[in-house]
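Open the model in your viewer and keep the selection panel at hand. This tour tells you what to select next and what you will find there.

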Amino acid sequence: MLRRTSPVIPGFGLTLGYTLCYLSFLVLIPLAALFVKTAELTWEQFVAITTSARVLAALKLSFATAFGAALLNGVIGTLLAWVLVRYRFPGRKLIDALIDLPFALPTAVAGIALTALYAPNGLIGQFASAVGLKIAYSPLGITLALTFVTLPFVVRTLQPVLADIPREVEEAASCLGAKPLQVFRHVLVPALLPAWLTGFALAFARGVGEYGSVIFIAGNMPGKTEILPLLIMVKLDQYDYAGATAIGVLMLVVAFILLLLINLLQRYIRTR
Amino acid sequence: MSSLSVAAPLPTVARQAPKQWGRLTLIGAAWSVFAFFLLLPLVIVLTEALQAGVGTFFSAIFEPDALAALRLTLLAVAISVPLNVLFGVAAAWCVSKYEFRGKSILVTLIDLPFSVSPVIAGLVYVLLFGAQGLFGEWLLEHDIQIIFAVPGIVLATLFVTVPFVARELIPLMQEQGTQEEEAARLLGASGWQMFWHVTVPNIRWGLIYGVVLCTARAMGEFGAVSVVSGHIRGLTNTLPLHVEILYNEYNHVAAFSVASLLLALALVILLLKQWSESRINRLRHSGAEE
Amino acid sequence: MSIEVRNVNKQFGAFRALNDINLDIHSGELVALLGPSGCGKTTLLRIIAGLETPDSGSIVFHGEDVSTRDVRDRNVGFVFQHYALFRHMTIFDNVAFGLRMKPKSERPDEATIARRVKELLEMVQLDWLGDRYPEQLSGGQRQRIALARALAVEPKILLLDEPFGALDAKVRKELRRWLARLHEEINLTSVFVTHDQEEAMEVADRIVVMNKGVIEQIGSPAEVYEHPANPFVYHFLGDANRLYMGEEHHILFRPHEISLSRNAADEHRPAEVRDIRPLGAITRVTLKVDGQEEPIEAEVAKDDASLVDLARGQTLYFKPKAGVPAHLS
């Protein structure tokens, strides 16, 4: 049935006006300022800044570690979501409640905690360094920190979808002679893929922009373990506003393109 | 073929065993992942904080700079949460109760701060209000300081917390529809009476949930605040920034002590979140029956 | 209070929901808006209530144009299809809501409100449910509470949107009769929307048959059933048989408008018996006629002479007793 706006519910102009004003003043105009400031640079200057070796290295590092963390979350997030939805076991409620800890915990706290764990003299780091593996102050440490802060994304997007797939569907499939792996491949994967991709995309986007949890564990060596957001901070500390702005625009544009691509992919999967 | 398993009970019993093993393996794996990724960081904060004894722990928390940082953090929360509640209710109202062109764009814009790096959130305010910013000169002439001062910290916190309340309320209000509001109007309620007597009670748990998430983020924001803060001890330091300073000064015990205070707040937030979530679910179930 | 609907039009985007609707409802009447889903009946009801604004045309209550009047001043009782009870309020508070929302000068004191609510709950025979919440009630109970809530403000007009749509068959029948009795008692001008022709026939004084945004016919249940204005009304008001008379045209007749005979008789046509279903007082016989795919259904009294020892596969002779000609469309 077509049901349109009811004239008896008041407040449309007021709420829409307030929403637009608030968003404009707090978010849209400030973001526009970023682009206005970039316009002060010539195209050649912009390209020179964004393609300098240090920026490119940071760009590669940020995207690679965010991608790795999102992928790792794709695996352990699926595991956690599956176990939490499908099984009843001791400690289930505790795990379910603490899954959101990374969202509630200030990222700086996460950062120093993970550094304490993975530093060469840390609880886990000492064993790793005994076998010659460096975790903290390396891309691996950054990936682990990003995995921690983005952990809830995949779990929380998969959980409701998984709970909505009735067990009967799997049972019907196994009654038709499908083996567990076949059931997983042909029944569960298609149903879960859009949600999984959403969780992955959210984790990835957050990972690229994450700052607080990473700077403690990264070591922040220019060209080696320096992430993009940190590079913006460095430029700002040197009063290089043009440089900071250019990198900011670069980050925004690349992040939007990625989100757009993943949105399109999701739409493609849904309409297939 | 599978004809055997249909007829005979024996294979089903035999199949049960490996299934049980698979189940136990998965649960074990989930527990390990949980312990490794979530429990361990939590435990390390507490052990590091308490390694020099309870006395040192408390003196780090009750030190004047730490208390000043706590006050500033609470101030940022106290300003950003009510403003975002107002915004969230208004945004959810116009998105869920009306049809209009460009609605999906508006919803995307509301979510925009989530896809922007917090460092950029800080950067844009520096570009607007900083000494070299668009309004920098004007502000200097009028002796107003935003960047490297409290207003900047509040603005940066507001930016990163914009979507929290709206995001919780929009789906909830869309699900509930407008019929109860229409019924209230038909029974003679004015717009405000309808809002306070019907809408607010229906969305209150979603609202609390949004407030809880918004508080968590406002309290813990680091990147955006770090850009605009200037790190002036006792003046423009929030708790997370205070943790960073202590840590960088190799005062690990103090850093972890303050961190454990934030951790405790985070755990309280998780409890509140769990509680409001269960109330929303109960509401959803009762709604679904109708 | 009478209701006049004058030249009302309503469009949703490209969809024409109502096309120049004119309708007079007399004071104290119980009228059914009947039609398939999407025919515009709910939109018309919402326009009368003031929940929807027509693109053009006007609504007149008792000679007074109320088109521009706000919902809360129209004094209309409205029962929603899914009741729209306030889920966070007790049943008592739900019914009391309208009284408590009145401006201070008109608002009765709490004791009066309590008495009024008790009376209303007694009227709907649910006075023992006052402190429950809507989610604890059955569908039929919620329906009656919704009605009590609508009546609390003493409306001059009662509008009901698919009042029995969400209930199971048995409860629906009981409530239908109860509503008809209640209407007799309180004698309130009432309009209800339904897609169920049986419901409309059983409850309403007059039926407004709607289709695709226009009114097809207005009349008493007997009128619309006996003298349908067109094939749409004929089909919508009951089962219909289509009997082809040659290539070009066919006639329509109801399953009970038939005479059956075991022997060839005057104007009777032969048919093969495909199925025999005793349905209590009547028996339904399905017949296959040469030259058309569609079977003919005949409903006759269970002691009809033609049924004695009848078996599938036998030949039976039939003749429509009445019927309207209809052109192939």
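Start in chain C. Select strands E6, E7, E8, E3, E9 and E10: in that order, these six form an open sheet with mixed pairing. Strands here are DSSP runs of E with at least two residues, helices are runs of H or I with at least four, and both are numbered from the N terminus. Two strands pair if DSSP finds at least two bridges between them. The edges are E6 (76-79) and E10 (214-219) of chain C, each pairing on one side only. Neighbouring strands of the sheet are turned by 15° against each other on average, direction ignored.

A word on the model before you go on: it is predicted, local features need pLDDT of at least 70, side-chain atom pairs count only at pLDDT 80 or more, and totals for chains, interfaces and linings use all residues. Residues are numbered from 1 along each chain as its sequence is written, chains are lettered from A and ligands numbered from 1 in the order in which they are written, and side-chain values use heavy atoms, with hydrogens and water left out.

**Inside the sheet**

Select E8(C). Is this strand covered or open? It is mostly covered: six of its six residues are buried. Buried means under 20% relative accessible area, exposed means over 50%, and partly exposed lies in between (1.4 Å probe, protein chains only). Show the side chains. Thr189(C), Val191(C) and Val193(C) point one way, while Ser190(C), Phe192(C) and Thr194(C) point the other way. In a regular strand the side chains alternate between the two faces of the sheet.

Now look at the partners of E8(C). E3(C) runs parallel to E8(C), joined by five bridges. There, Leu33(C) stands opposite Val193(C). E7(C) also pairs with E8(C) in the parallel sense, over five bridges. Find Leu158(C) opposite Ser190(C).

Move to E9 (residues 206-211) of chain C. E9(C) and E10(C) pair in the antiparallel sense over five bridges. Val208(C) faces Ile218(C) in E10(C).

Next, select helix H1 (residues 41-49) of chain C. H1(C) lies across E3, E6, E7, E8 and E9 of chain C, and runs at about 150° to E7(C). Axes are lines fitted to C-alpha atoms, for helices over the stretch in contact, and angles run from 0 to 180 degrees between N-to-C directions.

**From chain C to chain B**

Show both chains. Here 22 residues of chain B are in contact with 24 residues of chain C. Contact means heavy atoms within 4.5 Å. The two chains bury about 2,400 Å² between them, 56% of it on carbon and sulfur atoms. Buried area is the accessible area (1.4 Å probe) that two parts lose on being put together, summed over both.

How many salt bridges cross the interface of chain B and chain C? The rule finds three. It asks for a side-chain nitrogen of Lys or Arg within 4 Å of a carboxyl oxygen of Asp or Glu. Select Glu180(B) and Arg87(C): they form a salt bridge, and their closest N and O atoms are 2.9 Å apart.

**Inside chain B**

Select residues 70-271 of chain B. An unreviewed UniProt entry annotates them as "domain: ABC transmembrane type-1". This span is 77% helix and 0% strand.

Zoom in on Thr157(B), in helix H8 (residues 150-161) of chain B. Thr157(B) counts as buried because its relative accessibility is 1%. Leaving aside neighbours within four places in sequence, Thr157(B) is in contact with Ala76(B), Ser80(B), Ala218(B) and Val225(B).

**From chain B to chain A**

81 residues of chain B are in contact with 83 residues of chain A. The area buried between them is about 7,400 Å², with carbon and sulfur atoms giving 82%. Highlight Phe37(B), Leu38(B) and Tyr98(B): they supply 9% of the area that chain B buries against chain A, more than any other three residues. The salt-bridge count between these chains is one. Asp100(A) and Lys273(B) meet in a salt bridge (2.4 Å, N to O).

**Last stop: chain A**

Chain A has 14 helices and zero strands. Of its 272 residues, 56% count as buried. Select helix H13 (residues 228-237) of chain A: nine of its 10 residues are buried. Among them are Leu228(A), Pro229(A) and Lys235(A). Finish just after H13(A), where Tyr239(A) takes a positive phi of about 60°.

How values were computed
UniProt positions renumbered as here; feature names shortened; annotations may be inferred.
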